[in-house]
Amino acid sequence: MPRLAVIGHPIAHSLSPAMQNAALRELGLAGEWSYEALDVVPGEFAKTVRRLSQGGFTGVNVTIPHKRDAFEIADDPSAAVRAIGAANTLSFGGGRIAAENTDAPGLIAALPEGADGRRALVLGAGGAARAAAWALADAGAEVWVWNRTPERAERLARDLGVRPVEPDTSHPATEISRYELIVNATSVGLEPPGREGADLKALRLDADSLNERHLVVDLVYGSSDTELVRAARRGGANVVDGREVLVQQGAASLRIWTGREPPLEAMRRAIQANPGEPEPADER
């Protein structure tokens, strides 16, 4: 039986097993394929992946904190993985490990309209932000990156050929009207209320400026909307939450492994039935 898994630490909150097993059932593959969650602590990733690649596994998804390690262990990283510097999908075959980053195409597939020619602001400078910035730029958007630590935004922008929000400007809030598409790739919305970094103040984003001109994508997902998503909806903005991005990136991974077209509606239903705990964007 071909086996699949998601690897991370911690991993109990992941919706990927429910989503991917629902897809396998819909495709009539549940008796042949399986998908599980594996908690792998830092320092054990490489050894675990090599063992899985030799022990009946067809591939794995990779999440926090191992996406950089997934890139480094790959024999055959894709061009996207090399540019982003992180992988979330590994495939095993012929004694080799191939790596892909489906976070990037998953984001683009989740957008209700294309990104070509749009002015995009990516909030964050970690792994998820790198994937988002690369994907948007590759799709033809003009991309700016903001981070609470300006040097991190500048480094990301330099690596990927996009633009940092200049640290000598007030903050993105003062120029939010310049952007049509906003992607939150930080952990804001994950922390409990009252904790530092829990709310929109941590983004220095004027939520009152969000309106029907904006498309807001929040990569954090959970059982309820984040504060950013609630503010965007109040202002009339079009919203894509992290659950739809998860569905699209998971579908892209499943397509790689099975060669079949994933059943998106079955995957969405599985997530709605298992809302889970908030899933962080990777801000390493």
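Student: How close do the axes of helix H5 (residues 103-110) and helix H6 come, and at what angle do they cross?

Tutor: In this predicted model, the axes of helix H5 (residues 103-110) and H6 come within 8 Å and cross at roughly 60 degrees. That makes H5 oblique to H6, on a scale where angles under 35 degrees count as roughly parallel, over 145 as roughly antiparallel, 65 to 115 as roughly perpendicular and the rest as oblique. An axis here is a line fitted to C-alpha atoms, for helices over the stretch in contact, and angles run from 0 to 180 degrees between N-to-C directions. Helices (H or I, at least four residues) and strands (E, at least two) are DSSP runs, numbered from the N terminus.

Student: Which residues of H5 and H6 make the contact?

Tutor: With contact meaning heavy atoms within 4.5 Å, H5 contributes Asp103, Ala104, Leu107 and Ile108, while H6 contributes Ala131, Ala132, Trp134, Ala135 and Leu136. By class, the contact of H5 with H6 has eight nonpolar, no polar and one charged residues; Ala, Val, Leu, Ile, Met, Phe, Trp, Tyr, Cys and Pro count as nonpolar, Asp, Glu, Lys and Arg as charged, and the others, Gly among them, as polar.

Student: Before we go on, what should I know about how the model was read?

Tutor: Residues are numbered from 1 along each chain as its sequence is written, and side-chain values use heavy atoms, with hydrogens and water left out. As the model is predicted, local features need pLDDT of at least 70 and side-chain atom pairs count only at pLDDT 80 or more, whereas totals for chains, interfaces and linings use all residues.

Student: What is the mean pLDDT of the chain, and over which residues does pLDDT stay under 50?

Tutor: The mean pLDDT, the predictor's confidence in each residue from 0 to 100, is 90 for the chain, and 89% of its residues reach 70 or more. Over residues 191-198, however, pLDDT stays under 50, and the model has 11 contacts beyond four places in sequence for that stretch. Where pLDDT is low, the predicted coordinates should not be read in detail.

Student: How many helices and strands does the chain have, and what share of its residues is buried?

Tutor: The chain has 10 helices and 12 strands. Of its 284 residues, 55% are buried, where buried means under 20% relative accessible area, exposed over 50% and partly exposed in between (1.4 Å probe, protein chains only).

Student: What does H6 do on meeting helix H7?

Tutor: The axes of H6 (residues 127-138) and H7 (residues 150-160) come within 11 Å and cross at roughly 40 degrees, and H6 and H7 are therefore oblique to each other. Their contact is made by Ala129, Arg130, Ala133 and Trp134 of H6 together with Leu156, Asp159 and Leu160 of H7, and by class it has five nonpolar, no polar and two charged residues.

Student: At what angle do H1 and H10 cross?

Tutor: The axes of H1 and helix H10 (residues 264-273) cross at roughly 140 degrees and come within 8 Å. That makes H1 oblique to H10. On the H1 side the contact is made by Ala18, Met19, Gln20, Ala22, Ala23 and Glu26, and on the H10 side by Ala266, Met267, Arg269, Ala270 and Ile271.

Student: Is Gln248 buried or exposed, and what does it touch?

Tutor: Gln248, which lies in helix H9 (residues 242-258), is buried, with a relative accessible area of 11%. Not counting residues up to four places away in sequence, Gln248 touches Gly106, Ala109, Ala110, Leu264 and Arg268.

Student: Where is Ala37, and how does its accessibility count?

Tutor: Ala37 is in strand E2 (residues 34-39) and, at 37% relative accessibility, counts as partly exposed. Leaving aside neighbours within four places in sequence, Ala37 is in contact with Val6, Ile11 and Pro17.

Student: Which residues are joined by a cis peptide bond?

Tutor: Most peptide bonds are trans. Here, a cis peptide bond joins His9 and Pro10, with omega about -5 degrees, and another joins Ile64 and Pro65, with omega about 5 degrees. Pro10 lies in the loop between strand E1 (3-8) and helix H1 (16-26), and Pro65 in the loop between strand E3 (57-62) and helix H3 (67-73).
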